[in-house]
Amino acid sequence: NSTGNSNADGSDSNNSVTVAVDTFLTVSRLFNPKSNCHLASANQYEIDKLTGEQWINEGIYSTSPSEKSENIYRFFNPRKGSHLYTSSEFEKDSIITSSESEYIYEGVAFKAYSLEYGAANEKLEVIRFFNTQSKTHMYSSSENECEILNESDLFINEGIAWYTDLI
């Protein structure tokens with residue numbers, strides 16, 4: 001069952017997700033042991049629905065502030081059952097317009113501190129990693145987890161994806 005095929009109010013949609021981004025939301029990380037992929041969501045309906053299926057809620061790992069923030073865009077790869085997140089308008093537009101992209105654009109997943117604001121105000125980094133074996137991405141704000149992933153030959157550190165508050 002594809003994740004991200006429901007609106008914030010729980011109604012089904014075809015290939016997009018609409019997430020109401022409030023003043024301050026928490027973002028949970030979920031894990032699907034069947035696909036070995038993670039999902040980030042601020043949509044409580046989606047979190048509840050997926051944890052009722054095969055997904056495991058790993059807890060809050062980011063926040064979604066309304067001030068000094070930028071959109072985090074979410075894409076779904078139905079072939080791999082994985083998601084890609086980006087704050088880059090350029091990357092978002094490149095994926096959408098690419099004829100070779102395997103991703104379906106799902107819209108704004110949540111908000112995060114802008115890269116400039118986060119760096120200048122000592123916010124917590126969320127790092128994006130690329131798994132060279134599965135060709136999927138993983139995101140982490142955990143210093144310990146990032147250290148393990150950085151030492152692994154399977155993962156490439158792609159840098160700071162966005163900034164969040166200390167959790």
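Strands (E, at least two residues) and helices (H or I, at least four) are DSSP runs, numbered from the N terminus. The model is predicted, so local features need pLDDT of at least 70 and side-chain atom pairs count only at pLDDT 80 or more, while totals for chains, interfaces and linings use all residues. Residues are numbered from 1 along each chain as its sequence is written, and side-chain values use heavy atoms, without hydrogens and water.

**Largest pocket**

- A pocket is an open set of points on a 1 Å grid over the protein atoms alone, with protein on both sides within 12 Å along at least five of seven lines; lining residues have an atom within 4 Å of a point.
- The lining of the largest pocket comprises 14 residues, with Asn 36, Cys 37, Asn 131, Ser 134 and Thr 136 nearest the centre.
- At least two lining residues come from each of strand 2 (37-41), strand 5 (82-86) and strand 8 (136-140).
- Strand 8 gives the largest share, three residues.

**Phe 75**

- Phe 75 lies in strand 4 (residues 69-77).
- Between the C-alpha atoms of Phe 75 and Ile 96, 21 residues apart along the chain, the separation is 9.2 Å.

**Helix 1**

- In helix 1 (residues 44-51), the buried residues are Glu 46, Ile 47 and Leu 50.
- These residues lie on the same side of helix 1, because they cover an arc of only 100° around the axis, taken from the directions from the helix axis to the C-beta atoms.

Technical notes: 1 Å grid on protein atoms, 1.4 Å probe; cavity = no way out; pocket = protein on both sides within 12 Å on 5 of 7 lines; lining within 4 Å. Buried < 20%, exposed > 50% of the residue type's maximum accessible area, 1.4 Å probe, protein only.
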